[in-house]
Amino acid sequence: MVSLQSKTVWMKRHQCPCGDWKCFLTCDRDTDEGNMGSQLIKNDSGPIETMVAPYVGMVFKSDDEAFEYYGNFARKNGFSIRKERSRLSPQLGVYKRDFVCYRSGFAPARKKQTGEHQRDRKSMRCGCDAKMYLSKEVVDGVSQWFVVQFSNVHNHELLEDDQVRLLPAYRKIHEADQERILLLSKAGFPIHRIVKVLELEKGIQGGQLSFLERDVRNFLQNRKKAVQENDALLNEKRENDIVDLLEACRANKEADPYFVYDVTVDENDTVENVAWSFGDSVHAYDMFGDVVYFDSTYRSMAYGMLFGAWFGIDNHGRLLFFGSVLLQDETPQSFSWSLQAFLRFMKGRYPQTIITDIDPGLREAIQSEMPNTKHVISLHNVLPKISSWFSLPLGPRFTEFKYEFEELCHLENTDEFEFRWNQMVSHFGINMDKHTSLLFSLRMCWAQPFVKGCFLAQMDCPSYRKSLDVFLKGIVKTQTCLRGFLEQTGLLSNYKMQSHDETQYMLLKTSLPIEEHARGVLTPFAFDLLQQEMILAMKYAASEMANGSYLVQHFKKVDGERLVIWIPEDEQIHCSCKEFESTGILCRHALRVLLFKNYFQLPSKYLLNRWRQGSSLFCYNGQSNIKMKDEWCQQFDSLTGTLFSEAMLTKERSEFVHRELTKELTRLVSQVRDMPAVDEVVTDVTLSPTNAL
């Protein structure tokens, strides 16, 4: 029923940042296993969805797919299944599979030893004939599995939904719950209390977990036995893996003199912490190290280590890897060492902003080691925790609380924020809640009135967070040894191996001179952001005030006006929305004033170097291609316009053009895709870290 994972599992940390070891954090971005467990609970209490029954001739890509389908069908129909016989052949391997009802066949008679007392447990098997037999065939070189026999006739009663979930096949303790069970057991909780705590944390009724109390007992007994048997092996594996990791670090140092790493050991010369960064990463940080995202989401139960990584964003909006660290614990001292190591790697250059998750220990380390760096906790890391913290104590009032909290997050005045905060916590009676106190103590890091204007370079947007999550999951899901982290992060840091689309064409949409000027300076990523603001600027009106400032307001909205201060002597422009200070891209309000002032080019100071084409990690030849692309783009528009005008005259012409154009365009697309994706001059560029030193 409950199997132990033999591989090294890296999973998201579930210990709540409030510091209370009894507080367990479950949020929307939990592990896949946790999500599956929650889904099973939801399925248990929800209506049964109809599902097509297997039939003779039904085709599956693999026998595993067939087993999964039949298993889902069985669960929805009140029984479970098991694998019965399989047959092998030298040519096809396994070519027949038999899946049967869990009550198929009869239990063999047991022989009792003389004088031995055994429990006379009644067998569940009763000769049920429900089954699904499969046969493998190779069709056009592709293996397929066909249903050759199917019967859904049972000689026993089928179970209701609230009973079928208790069958052994469906009782699972997923990894997130395993970690919590082990933590509570270590703290001395009895098994029945562990089950009660899990039910309360998940907000479900008693007896609705996807496993039983005896499954928890068996899990703890098996884990205790496994730990006793494998503790020495795990320690040996950990030591061997760390030695292997350090050897790989030394090998990388010999191959790349700009590769850097650091390590700490305790009084017994046992390795505690390891950090590393690659030469390409150091070079990238020299260009784009103004904002850093530090992620410390994942830890390993087997190694007892935390995996942390520093990331950035380049001028094309791509994820950059700056460095990694493996820590023995999550104390402020360990975090301080990791930050010290990172700054040594980056030659003492501090970032303007560092973005992290909620972690008071990490917050303390940042204040100590990076006193002049602005610490920001992204709202994407705050909002998912709100449900875990307040949904249970607030009950049906949580929906109202969540709405008010999200409204509070986007206020712009600090005094108004604190006033509304006090009103909110008093209204919901959560003044003394530990999580309320934690959030308020960290308000300088996450609340918008306090972080507005901090330079984040688009690293707080959902698309960046998504690419970061995909990368981290890709690493931790495949790594069973520490050296794998070094190898995977090495691939990400090698920017020469990644795909590049710097030369993509940037289409003009407003015909404004400042748009054409910006296109020749900014990368496609930055230009697209600025272009969107230019388009929106057309919907705003600017009213000059007596002191030379401007009020900029949307032509339809009566509220939301912005104050724009214009200093002509220094060509300085400041908007109360602080979009430029946050992203490095001028906002629609400032652009509206510059258009009002008849500007044909943006002042150079508002085209930041970090967003310019010349700041790329690779040579950028987009500027030389713009004129050529404009010419053939106009020629293309002219030809297609003439073609469609002529084609629309008759139905025969239209059908002919549609048929022939589709064939020709398909041929051209196929031919173009076979050509190199980048020009040779870009492909041949080698990144030399000496340029950054």
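**Cores and helix packing in a predicted model**

Me: Which residues have the most contacts inside the largest nonpolar core?
Reply: In this predicted model, the largest nonpolar core has 76 residues. Those with the most contacts inside this core are Trp-276, Phe-311, Leu-530, Ile-573 and Leu-586.

Me: How many residues has the other core, among them Phe-398 and Phe-428?
Reply: This core lies apart from the largest one, and its members include Cys-16 and Phe-405 as well as Phe-398 and Phe-428. Its residue count is 28.

Me: What is the relative direction of helix 10 and helix 11?
Reply: The axes of helix 10 (residues 379–394) and helix 11 (residues 398–409) come within 10 Å and cross at roughly 150 degrees. Angles over 145 degrees count as roughly antiparallel. Therefore helix 10 is, relative to helix 11, roughly antiparallel.

Me: Which residues of helix 11 make the contact with helix 10?
Reply: Helix 10 passes helix 11 in a right-handed crossing. From helix 10 the contact draws on Leu-379, Val-382, Leu-383, Ile-386, Ser-387, Phe-390, Ser-391 and Leu-394. By class, the contact comprises ten nonpolar, two polar and one charged residues. The residues on the helix 11 side are Phe-398, Phe-401, Phe-405, Glu-406 and Cys-409.

Me: What is the relative direction of helix 12 and helix 13?
Reply: Helix 12 (residues 414–428) and helix 13 (residues 434–441) have axes 12 Å apart and pack at an angle of about 175 degrees. With the cut-off for roughly antiparallel set at over 145 degrees, this angle makes helix 12, relative to helix 13, roughly antiparallel.

Me: How many nonpolar residues are in the contact of helix 12 with helix 13?
Reply: Helix 12 contributes Glu-418, Trp-421 and Val-425, and helix 13 contributes Thr-436, Leu-439 and Phe-440. By class, one residue of this contact is polar and one is charged, while the number of nonpolar residues is four.

Me: Is Phe-278 buried or exposed?
Reply: Phe-278 lies in the loop between strand 8 (271–277) and helix 7 (279–288). Leaving aside neighbours within four places in sequence, Phe-278 is in contact with residues including Asn-252, Tyr-258, Phe-321 and Leu-486. Its relative accessibility is 8%, and the cut-off is under 20%, so Phe-278 counts as buried.

Me: What is the C-alpha to C-alpha distance between Phe-278 and Phe-259?
Reply: Phe-259 is also among the contacts of Phe-278. The two residues are 19 residues apart in sequence, and their C-alpha to C-alpha distance is 4.4 Å.

Me: What percentage of the residues in the protein chain is buried?
Reply: The protein chain has 24 helices and 17 strands. Of its 693 residues, the buried share is 45%.

Definitions and conventions: Residues are numbered from 1 along each chain as its sequence is written. This is a predicted model: local features need pLDDT of at least 70, side-chain atom pairs count only at pLDDT 80 or more; totals for chains, interfaces and linings use all residues. Side-chain values use heavy atoms; hydrogens and water are left out. Axes are lines fitted to C-alpha atoms, for helices over the stretch in contact, and angles run from 0 to 180 degrees between N-to-C directions. Helices (H or I, at least four residues) and strands (E, at least two) are DSSP runs, numbered from the N terminus. Angles under 35 degrees count as roughly parallel, over 145 as roughly antiparallel, 65 to 115 as roughly perpendicular and the rest as oblique. A crossing is left-handed if the near helix is turned anticlockwise from the far one by less than a right angle, and right-handed if clockwise. Contact means heavy atoms within 4.5 Å. Ala, Val, Leu, Ile, Met, Phe, Trp, Tyr, Cys and Pro count as nonpolar, Asp, Glu, Lys and Arg as charged, and the others, Gly among them, as polar. A nonpolar core is a set of buried Ala, Val, Leu, Ile, Met, Phe, Trp, Tyr and Cys residues joined through side-chain atoms within 4.5 Å. Buried means under 20% relative accessible area, exposed over 50%, partly exposed in between (1.4 Å probe, protein chains only).
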